[in-house]
Amino acid sequence: MDISPAHQTAVEEATRVPALHARLALLQQTDDQSTDRGSIALFGGTRPAPGEAPASGAIVTMLMTATAGAVDEQLYQLALDAPLEGQNTGADPDTGTIPTWARIYTPTGAWWADVSVSVEGDGGEIQMVATGTEGDPAEPVVRLFNGAFARLSSAIFQG
């Protein structure tokens, strides 16, 4: 069947909210007895092909709540419950590590998505507060050091 652009737009619009709820359901822990949670792991370096193993260990892993988040049906967004926080243990011990991407896992540890990480205002799917500057001219960066805590004050995905 060939459909008109208006027909295609109507179909896409009708599936947006159910798709967001389906995405959220994959992150939720529905077993009241389980302590397993969805998680977000931040990594430095090059992002691998979708679903492929990371080249190095995570800088930090942050656990989600059992409900994981909520869907805003008016804005077509999936907002994770925040803040999310974890202690950095996988950064370079001498110079720290700049996170460049993150992998999101379901409560069973399955791959859910890979997303970009940037300084606030730089367009990453996850944006973090700058912790310093680097380069000439100086550009803001997020550099994580072992022993410190990384915190996401919000994580919102447009659907």
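Gln87 has Phe149 of strand β11 as its bridge partner. Strands here are DSSP runs of E, at least two residues long, and helices are runs of H or I of at least four, both numbered from the N terminus. Everything below comes from a predicted model, where local features need pLDDT of at least 70, side-chain atom pairs count only at pLDDT 80 or more, and totals for chains, interfaces and linings use all residues. Residues are numbered from 1 along each chain as its sequence is written, and side-chain values use heavy atoms, with hydrogens and water left out.

Start with strand β5, residues 84–87. β5 pairs with β11 (residues 149–152) in the antiparallel sense, over four bridges. Two strands count as paired if DSSP finds at least two bridges between them. The side chains of β5 alternate. Buried means under 20% relative accessible area, exposed means over 50%, and partly exposed lies in between, with a 1.4 Å probe and protein chains only. In a regular strand the side chains alternate between the two faces of the sheet.

Follow the chain onward. Thr97 sits in the loop between β5 and β6 (101–105). Why does Thr97 count as buried? Its relative accessible area is 17%, and the limit is under 20%. The Thr97 side chain reaches the backbone nitrogen of Asp92 at 2.8 Å. A polar contact is a pair of N or O atoms within 3.5 Å; within protein, one must be able to donate a hydrogen and the other to accept it, and residues adjacent in sequence count only if both atoms are side-chain atoms. Leaving aside residues up to four places away in sequence, Thr97 touches Gly44, Ile59, Ala91, Asp92, Val142, Arg143 and Leu144. Contact means heavy atoms within 4.5 Å.

In soluble globular proteins, nonpolar side chains tend to be buried together.

Now the helix. α1 has 23 residues and reaches 33 Å from its first C-alpha to its last, close to the 33 Å expected at 1.5 Å a residue. The expected span is 1.5 Å times one less than the number of residues. A kink of about 35° lies at Arg16, shortly before Pro18. The bend at a residue is the angle between axes fitted to the seven residues ending there and the seven starting there. Which residues of α1 are buried? They are Val17, Leu20, Leu24 and Leu27. These pack against β3 (69–72), β4, β6, β7 and β12 (156–158). An α-helix has 3.6 residues a turn, so residues three or four places apart point the same way.

Two of those strands form a hairpin. β3 and β4 pair in the antiparallel sense over four bridges, and Ala70 stands opposite Ala79 in β4. The hairpin has four residues between the strands, and Tyr76 takes a positive phi near 55°. β4 also pairs with β12, antiparallel, over three bridges. There, Gln77 stands opposite Gln158.

Ala68 lies in the loop between β2 and β3. Its phi is positive, about 70°, although it is not a glycine. Ala68 counts as buried because its relative accessibility is 1%.

Two prolines follow cis peptide bonds. The bond from Ala82 to Pro83 has omega near 10°, and Pro83 is in the loop between β4 and β5. The bond joining Asp136 and Pro137 has omega of about 10°. Pro137 is in the loop between β9 (132–134) and β10 (139–141).

Last, the whole chain. The protein has one helix and twelve strands. Its C-alpha trace spans about 60 × 45 × 30 Å along the principal axes. Of its 159 residues, 35% count as buried.
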